[in-house]
Amino acid sequence: VVSPMLQRVKIKVPATTANLGPGFDCLGVALNIWNEVEVGIGRPGINISGEGEDVLSHNSDNLVYRSIAYIFNEVGIKLPEIEISCSNTIPLARGLGSSSAAVVGGLVAANTMLGHPLTNKDLLRLATNLEGHPDNVAAALLGGCQLVVQEADQLTTTSITFSTLLRAVIFIPDVAMPTAQARSLLSPVIPRDDAIFNLSRLGLLVNAFITDEFSDLKIATQDRLHQPQRKILFPAMDLIFRSALKAGALGVFLSGAGSSILALTKDRETTIGYEMADIAEKAGVTGTFRISDLSQIGAHLINANDFAG
């Protein structure tokens, strides 16, 4: 070890919602729903409690472990024996960034243990390599609303401000929608009209966030690039969208690749949640709803102690 290493760190990392309708693979927002990752040098083992405790790997293919190992390899330091404890509240395979949280949690924990040899830009590049696309990991790492542009190997992120009045009502179906399956439905060819449809709405969405033009959010969260295709897996989607808007939501969209549906609102959260869950159940889709603030902060250290030489 070439520098003092923290013996133990504890990181909080947020859930995220990506796309927000038109911002496919380039827009993400952090949510006030958190996983905690504690990493310590000592007897090896992976402990998982909460979401995914029965299905996530407890071996070296665990995504948190792989992300930690990735950092140590990147900086050229041998990975010591480590114990990982994950306390998860982010649902798995529901379009709320659970895998991005695992990746970012592991990367930030390892980078913190090593005394921050890598910048956030470095971490974002590594996280994108592990996750495959940058929208969720950017929001999980940096917090807030992040627009990410990829140019060859370079990633550029910019933060989009939004009102603290905005909240999320998330309908979380009991049925998962694996990202790979949801992506396999997407056509490699996009009609020009659909491209213009999404470009115009993404511009409107960014401006609505910055200027608090909440009345624009209904149109600004519409999409033609991925949601219509994913409706094949989730035929009740349009019903739930309409129900949310009728109950007072400002805008509504499929969260990431689904299966969660997220409504943006500044009031009537409980009513919107109940209406979404009710119409979904009538359509044969059981689930629950959660109300969350949008988080201005991303992954961060909440505890650290002891140095190992």
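**A first look at the sheet**

Analyst: Happy to! Strand β7 (residues 167-173) pairs with β9 in the antiparallel sense, over 5 bridges. Helices (H or I, at least four residues) and strands (E, at least two) are DSSP runs, numbered from the N terminus, and two strands pair if DSSP finds at least two bridges between them. This is a predicted model, so local features need pLDDT of at least 70 and side-chain atom pairs count only at pLDDT 80 or more, while totals for chains, interfaces and linings use all residues. Residues are numbered from 1 along each chain as its sequence is written, and side-chain values use heavy atoms, with hydrogens and water left out.

User: Which residue of β9 is the bridge partner of I170?

Analyst: That is L262. L262 also has F253 standing opposite.

User: What is the strand order in that sheet?

Analyst: The order is β8-β9-β7-β10, an open sheet of 4 strands with antiparallel pairing. At the edges are β8 and β10 (287-293), each pairing on one side only. On average, neighbouring strands here are turned by 20° against each other, direction ignored.

User: What holds strands together in general?

Analyst: Strands of a sheet pair through backbone hydrogen bonds, either parallel or antiparallel.

User: How many bridges join β8 to β9?

Analyst: There are 4, and β8 runs antiparallel to strand β9 (residues 261-265). In β8 (residues 251-254), G251 and F253 point one way while V252 and L254 point the other way, and all are buried. Buried means under 20% relative accessible area, exposed is over 50%, and partly exposed is in between (1.4 Å probe, protein chains only).

User: What about the stretch linking β8 and β9?

Analyst: This hairpin has 6 residues between the strands, and G256 takes a positive phi near 55° there. S259 is in the loop between β8 and β9 as well. A cis peptide bond joins G258 and S259, with omega about 15°.

User: Which strands does helix α9 lie across?

Analyst: Helix α9 (residues 237-246) lies across β7, β8 and β9, and runs at about 160° to β8. Helix α10 (residues 269-282) packs on the sheet too, touching β7, β9 and β10, and its direction makes about 20° with that of β7. For these angles, axes are lines fitted to C-alpha atoms, for helices over the stretch in contact, and angles run from 0 to 180 degrees between N-to-C directions. Contact means heavy atoms within 4.5 Å.

User: New topic: which residues touch the most other members of the largest nonpolar core?

Analyst: V39, I68, I84, V104 and F209 do, in a core of 69 residues. Helix α2 (residues 98-113) gives the most to this core, with 9 residues. A second, separate core has 22 residues, including V169, A244, A249 and I261. A nonpolar core is a set of buried Ala, Val, Leu, Ile, Met, Phe, Trp, Tyr and Cys residues joined through side-chain atoms within 4.5 Å.

User: Is D25 buried, exposed or partly exposed, and why?

Analyst: D25 counts as partly exposed because its relative accessibility is 24%. The place of D25 is in strand β2, and D25 has a positive phi of about 65° although it is not a glycine.

User: How many disulfides are there?

Analyst: The count comes to 0, where a disulfide is a pair of cysteine sulfur atoms within 2.5 Å. For C26, the nearest cysteine sulfur is that of C145, 9.7 Å away. C26 counts as buried, at 17% relative accessibility.

User: Last one: what does A18 touch?

Analyst: Not counting residues up to four places away in sequence, A18 touches L27, G28, D135, N136, L254, S255 and G256. A18 lies in strand β1 (residues 5-19) and is buried, with a relative accessible area of 1%.
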